[in-house]
Amino acid sequence: MYTAIEDGFYPELQRVQALDAQGVIRAADAGTVQAALARPVLSEEDFLTLLSPAALPFLEDLARRAQAETLRNFGRGIQFFTPLYLANYCTNRCVYCGFSTKRDIKRRKLSLEEVEIEAKAIAATGLRKILALTGDAPNLTGASYLADCIRVLARHFSSVAIEVPSMTVEEYAMQVAAGADSMTMFQETYNHERYLELHPGGPKRDFLFRLDAPQRAIQGGMRSVNLGPLLGLDDWHADVLAVAAHARWLLRKYPQVEVSVSLPRMRPHTEGGEAQFMPLDVDNTVFVQILTALRCFLPQCGITMSSREPAWLRDKLLPLGVTRVSAGVCTAVGGHADAARQSCATAANLQANTGANENGEDKPQFDISDDRSVDEMAADLLALGYQPVFSDWLLGGQGADQLTGGVNQALGRS
Amino acid sequence: MHCDNFVLGGKTLTSRLLIGTGKYGNDALIPEIAEASGAEVITVALRRVDMSNAKGNILRQIPPHMQLLPNTSGARNADEAVRLARLARAAGVGDWIKIEVISDTRHLLPDGYETAKATEILARDGFVVLPYMNPDLYVARDLVNAGAAAVMPLGAPIGSNRGLATREMISILLEEIELPIIVDAGIGRPSQACEAMEMGASACLVNTAIASANDPVLMAAAFGRAVEAGRRAWLAGMGRVLDKGAEASSPLTGFLG
């Protein structure tokens, strides 16, 4: 049985969850919203006020402040990365997930040779930041398999992030030694009871082990952690407040670590039929409210925008606080090399929807909405007055290799 | 105007404005910005450099005549800053290095102790070391003793555009430190850069204020002129400031000749 980290986030989460959030939201009016917008540093009450229905008439003001905060802290560069699905074996039974152990899909994991092929296909698009993902199958794709994959990826990318099941400090340290520098962990919902309903079985059911995972990753040497709720699993006010509190708590406890937040909205998983999960609705207006309020509450926190969102909406959301986006996304295992000659996401969706690959059974974890290639996204970004940042390496990875060779030629010097 | 060259790291510069490369919406603007500003030194974060990637290589945008000042952005301690500087030199981007050691991602304030350690190691290695620092007299003295080529105190927290919030502390450095003082970070308006130069700073480094302007090229030109105006004012010697009242330009005792 896991025992929570002694100086971990759990007591702080309990404090935040004991706040009368609904009371603050109900009491909010134009006056408190304007006062919150005028405050240079927002309190938790201010944040909740900006998440209240009373803030909706002030959405444009909120967006203006969010944009100004983002420009000041991050400028007009947007980091590009892409996820790489290494395997989809999974022993968990998350009721909303396309990789759940109960789903009848073809399971596979990439061999190290296949990882290399995928890595080359992705690196050829110019991307230098990769996010490696697996399902939860400790016997098949556990810490040592992941470390082997990371060693391959670190030869092709300057920054390797992982989004994998919760690990121990030692296992995180193993990934850092292999070349990983960042970890992503979505708590999904911070409501303990709801969490148990959504995760009826498998190792992931341990709420506290997951809650402490970002801290253990930092203790294992990760330089950057990325948190997230899955919007649509539970009351979004509570989960957004909790994830913001989590990020702020980590920033204060580990000021040297880069902390960022993703705001994935749940989409129905790819498989239809009886078990299809219908998430609670978080509409576009509320989504903008969440994004901009979070930016104002945590001005220095990175915000990642998922390719779950359609291209047109991502373009509109970018100036409001986003600092990192996925590009050229494919959520099927081994999909990048298959898709080398076309849009990766299109290929994945073809696999999923028409069974066009040789097995006809591979399916992505979730359907993506933004299937733009890296080049298409880069061009669209430039047209918006922003530019993609490919290289933003941390010393933890192999980014230093980027500096070697050809410098004078590139500079046009003798 | 008489000769007022600025010697930094053994190089003679005519412009006292240094510029950066961060936060632009399009790096292709950099050559135009550099030209409009008149700057001859440009800093670039090594973490943004990718020699293997045409798409991501910011160095391609830097005019060849400019002095490249790589910086160690992303380093969290002296060891990492030293590693970055040595990698930069091995890669052929030269011996100049701007030390940035920041282990607080929220306020982005430089760590004086680690900065001094990195400065000492790299100066001994023959680097031209330009450390970014809090305007603290003791840290500045440590940096002088460590072999820095200049000290670069912040005017306000980096990226804040809040101007010379540390004015009093910088004026102490100007009084006590013999190395060139380059005011770095926080300068939001040309008038603030001008004021730093009027105070006697040797130069200013400006990035965010240019990058975040609606028209970065025009703003770069404005900063170039402001820095020059401030420098001329300092050279000219400022008239005295009265605490109160006014004084006629012909003093009452003028008739005594």
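This is a predicted model: local features need pLDDT of at least 70, side-chain atom pairs count only at pLDDT 80 or more; totals for chains, interfaces and linings use all residues.
Q: Why are α6(B) and α8(B) called roughly parallel?
A: The axes of α6 (residues 190-199) and α8 (residues 216-236) of chain B cross at roughly 25° and come within 7 Å. The limit is under 35 degrees, and α6(B) and α8(B) are therefore roughly parallel to each other. The crossing of α6(B) past α8(B) is right-handed, a term for the near helix being turned clockwise from the far one by less than a right angle, with anticlockwise giving left-handed.

Q: Which residues make the contact between α6(B) and α8(B)?
A: Contact means heavy atoms within 4.5 Å. Among the residues involved are B:A193 and B:M197 of α6(B), and B:F223 and B:W234 of α8(B). By class, this contact has 13 nonpolar, one polar and two charged residues. Here Ala, Val, Leu, Ile, Met, Phe, Trp, Tyr, Cys and Pro count as nonpolar, Asp, Glu, Lys and Arg as charged, and the others, Gly among them, as polar.

Q: What do the buried residues of α6(B) pack against?
A: They pack against β9 (182-184), β10 (203-206) and α8 of chain B. Just after α6(B), B:G200 takes a positive phi of about 115°.

Q: What makes α3(B) roughly parallel to α4(B)?
A: Helix α3 (residues 112-124) and helix α4 (residues 137-146) of chain B pack at an angle of about 15°, with their axes 8 Å apart. That angle makes α3(B) roughly parallel to α4(B). Their crossing is right-handed. In the contact, residues including B:T115 and B:T119 of α3(B) meet residues including B:V139 and B:L143 of α4(B). This contact has five nonpolar, three polar and two charged residues.

Q: Why is A:L86 called buried?
A: Buried means under 20% relative accessible area, exposed over 50%, and partly exposed in between (1.4 Å probe, protein chains only). A:L86 has 0% relative accessibility, so A:L86 counts as buried. This residue lies in the loop between β1 (77-85) and α6 (112-123) of chain A. A:L86 touches residues including A:L110, A:Y145 and A:V333.

Q: How do you know that β5(A) is largely enclosed?
A: Strand β5 (residues 224-229) of chain A has six of its six residues buried, so it is largely enclosed by the rest of the structure. On one side A:S224, A:N226 and A:G228 are buried, and on the other A:V225, A:L227 and A:P229 are buried.

Q: What makes β4(A) and β5(A) a pair?
A: Two strands pair if DSSP finds at least two bridges between them. Strand β4 (residues 180-188) of chain A and β5(A) pair in the parallel sense over six bridges. One of the bridges joins A:M183 to A:V225. Four bridges join β5(A) to β6 (residues 258-262) of chain A, again in parallel.

Note on methods: Residues are numbered from 1 along each chain as its sequence is written. Chains are lettered from A and ligands numbered from 1 in the order in which they are written. Side-chain values use heavy atoms; hydrogens and water are left out. Axes are lines fitted to C-alpha atoms, for helices over the stretch in contact, and angles run from 0 to 180 degrees between N-to-C directions. Helices (H or I, at least four residues) and strands (E, at least two) are DSSP runs, numbered from the N terminus. Angles under 35 degrees count as roughly parallel, over 145 as roughly antiparallel, 65 to 115 as roughly perpendicular and the rest as oblique. Lists of a residue's contacts leave out its neighbours within four places in sequence.
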